[in-house]
Every structure is written in structure tokens, then in C-alpha cells.
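Hi,

Here is the structure I promised to pass on, with some notes on what turned up in it. Have a look at it first, and then read on.

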Amino acid sequence: MGTEKMKSYSLDEMKDKHIGKLGTKKREEYEYELRMEVIGQMIKQARKERKLTQEQLGDLVGVKKSQISKLENNANSATIDTIVKVFKALKAEINFRVKLENEYIQLV
């Protein structure tokens, strides 16, 4: 074996190569699903920190336990309104960042 160096790749380079470059439909769908998965994990973590069952959280929000389970496992089917209601029931603050081109919009 020689002293050849193994090339390393960044996560973005790997996503570009295997999923598609930013702006392509496949990449946008991947990024959206990833964000929805993270939101579901945040809901689950916040619920557990509040020591609530899915059923108890559902009662607070006005939905069934099964909808809370779906949110925690895949928030793709949820509306922003539902997500906001869930976080309000959990007494959790939500921050949204909106970026237009290279500038973030801030509400004052």
C-alpha cells in the first residue's frame, strides 16, 4: 500500500451527487422531508419533557392520539396551523426564519 490520500467529501457534496443539486425538485423534496422529520422529533421531545402522553397532548390540541403519533413520526401531513397549535399546547416558543434570496426577513 502506498501513501495515497483518500478524498473526503462534505455532506453537501454528497447530497449534490446522490440526491441532486440545490434547486432541483428531488433535492427540494428531500430537504422538505428532512425539515418535517426534525419538527416531528422536536414535538416528541417537547412532549416528553412536559411529561405528557400523546393522548394528553391530543386532548390539549383537540385532535386524536393517532394524529399526534403521525406528527411525531412524519410531520409531512400536518398544516402549519396544526404544528403551531401543538407547540402552543406544549408552551413552546416557535421561531420561523424566512429567507428571500440571500437576505433573511425579520418581523419587527
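A word on terms before the details: the axes are lines fitted to C-alpha atoms, for helices over the stretch in contact, and angles run from 0 to 180 degrees between N-to-C directions. Please keep in mind that this is a predicted model.

Let me start with helix H2 (residues 25-49) and helix H5 (residues 80-89), whose axes cross at roughly 25° and come within 10 Å of each other. Angles under 35 degrees count as roughly parallel, so H2 is roughly parallel to H5. The crossing in which H2 passes H5 is left-handed. On the H2 side, the contact is made by Ile39, Met42 and Ile43, and H5 brings Ile83, Val86 and Phe87. Sorted by class, the residues where H2 touches H5 are six nonpolar, with no polar and no charged ones.

H5 also meets helix H4 (residues 65-73). Here the axes come within 12 Å and cross at roughly 100°, and H4 and H5 are therefore roughly perpendicular to each other. Gln67, Ile68 and Leu71 from H4 meet Thr82, Ile83 and Val86 from H5. That contact between H4 and H5 holds four nonpolar and two polar residues, and no charged ones. You will find Ile83 and Val86 of H5 in the contact with H2 and again in the one with H4.

What about the other end of H2? Helix H1 (residues 11-18) packs with H2 at an angle of about 130°, and their axes are 9 Å apart. H1 and H2 are therefore oblique to each other. From H1, the residues involved are Asp12, Lys15, Asp16 and His18, which meet Lys26, Arg27, Tyr30 and Glu31 of H2. By class, the contact of H1 with H2 is made of six charged residues, one polar and one nonpolar.

Best wishes

Technical notes: Residues are numbered from 1 along each chain as its sequence is written. This is a predicted model: local features need pLDDT of at least 70, side-chain atom pairs count only at pLDDT 80 or more; totals for chains, interfaces and linings use all residues. Side-chain values use heavy atoms; hydrogens and water are left out. Helices (H or I, at least four residues) and strands (E, at least two) are DSSP runs, numbered from the N terminus. Angles under 35 degrees count as roughly parallel, over 145 as roughly antiparallel, 65 to 115 as roughly perpendicular and the rest as oblique. A crossing is left-handed if the near helix is turned anticlockwise from the far one by less than a right angle, and right-handed if clockwise. Contact means heavy atoms within 4.5 Å. Ala, Val, Leu, Ile, Met, Phe, Trp, Tyr, Cys and Pro count as nonpolar, Asp, Glu, Lys and Arg as charged, and the others, Gly among them, as polar.
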